[in-house]
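Biologist: Could you walk me through the aromatic rings of a protein, step by step?

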Amino acid sequence: MSNASNNQGRAYEYICLLTLEREIKQYRNVKIEINSSYEAAKSAWLSIDTELQNTLAQSANAAVETIFDMEPLIIEDGNDQLNLKIQKDSEGEAGDVRDILIIRRNIKWEIGLSIKHNHFAVKHSRLSPTIDFGKKWFDVACSDTYWDSVNPIFDFLKEQKKNGLKWSELADKENDVYIPLLRAFIDEIKNSYQTHSDIPKKMVEYLLGEFDFYKVISLDNKKVTQIQTYNLRGTLNQPSKTEKAKITVPISALPTRIISLDFKPNSTNTVEFYMDNGWQFSFRIHNASTKVETSLKFDVQIIGMPATIISINCLWNR
């Protein structure tokens with residue numbers, strides 16, 4: 001992600017936080033936790049121009065009422081304080097993809113929002129000579145067969161890096177790097193799955209995090225804020241003491257089987273991963289810098305979801 005995109009994403013987190021605070025205040029006591037992530041988001045907000053600020057504010061405004069309709073515990077009349085906070089980026093690396101937390105400590109309740117600005121990407125995981133992706137993704141260490149396959153590729157990249165080459169200067173990066181690296185990646189997952197049947201479930205938990213959440217996506221050009229519900233463990237959509245949610249959020253089943261894992265047709269850099277219960281992902285590998293590095297990044301996208309993950313389009317006031 002470019003610095004500009006990252007900055008806009010942080011700015012969007014900031015205005016979503018402030019909008020939640022403003023609207024929740026009408027119902028109950030609310031407080032924002034001031035931490036380093038809050039300060040970074042505020043700084044990003046102050047760095048963007050007024051036009052973009054207005055755009056992001058419209059987007060945040062559009063989402064709030066729908067969130068309230070799904071989560072009556074936010075606006076339940078109570079004497080306790082509701083807390084809002086922006087999480088550190090390191091939480092995402094540790095398995096928590098939620099950017100904003102909405103917390104009521106006295107009833108030990110919280111929900112989280114994953115905030116996205118003009119993109120749907122899931123993760124930006126990497127493959128490198130020092131990353132055991134199997135251990136990190138689904139708790140099964142990569143085999144010697146995998147390392148025997150990928151180490152020559154990374155050795156080749158080390159040599160090109162030493163020579164100061166750019167990716168564009170490699171004679172055939174598809175056949176020398178992308179294809180053999182992705183083939184080793186595919187084979188390793190398939191081989192691990194033969195002895196560890198819970199890999200489909202663990203893969204989704206790795207990609208989507210350890211906690212249920214709502215994904216809030218600003219689609220500026222369409223003037224729409226889309227909210228997607230990831231209620232995999234049944235922790236979202238809880239009733240308050242006095243009312244049920246106006247919008248029902250179903251629980252979605254995690255996958256139990258791998259149906260297909262292979263290259264996307266006519267592609268040298270993208271793998272498609274199909275599982276049962278409606279889960280489908282694509283993994284596009286790419287070089288994240290101009291000059292050759294030994295680490296390559298995945299752009300992971302959800303290309304198919306269970307029907308129980310609902311998407312709600314919240315139109316902006318025009």
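Here is a short talk about ring pairs and the words used for them.

Modeller: This is a predicted model, where local features need pLDDT of at least 70, side-chain atom pairs count only at pLDDT 80 or more, and totals for chains, interfaces and linings use all residues. Residues are numbered from 1 along each chain as its sequence is written, and side-chain values use heavy atoms, leaving out hydrogens and water.

Biologist: How many aromatic pairs does the structure hold?

Modeller: There are 19 aromatic pairs. Rings of Phe, Tyr and Trp (its six-membered ring) pair if their centres lie within 6.5 Å; planes under 30 degrees apart are stacked, over 60 edge-to-face, and the rest tilted.

Biologist: Why is the pair of Tyr-146 and Trp-147 called edge-to-face?

Modeller: Their centres are 5.1 Å apart and their planes stand at 70°, so the pair is edge-to-face.

Biologist: What makes Tyr-146 count as buried?

Modeller: Its relative accessibility is 2%, so Tyr-146 counts as buried (buried means under 20% relative accessible area, exposed over 50%, partly exposed in between, with a 1.4 Å probe and protein chains only). Trp-147, at 16%, counts as buried too.

Biologist: Why is the pair of Phe-213 and Tyr-230 called stacked?

Modeller: The ring centres of Phe-213 and Tyr-230 lie 4.8 Å apart with planes at 10°, so this pair is stacked. The pair links distant parts of the chain, with Phe-213 in strand S6 and Tyr-230 in strand S7, 17 residues apart (strands are DSSP runs of E, at least two residues, numbered from the N terminus).

Biologist: How do you know that Tyr-230 is buried?

Modeller: Its relative accessible area is 1%, so Tyr-230 is buried.

Technical notes
Helix = DSSP H or I, 4+ residues; strand = E, 2+ residues; numbered from the N terminus.
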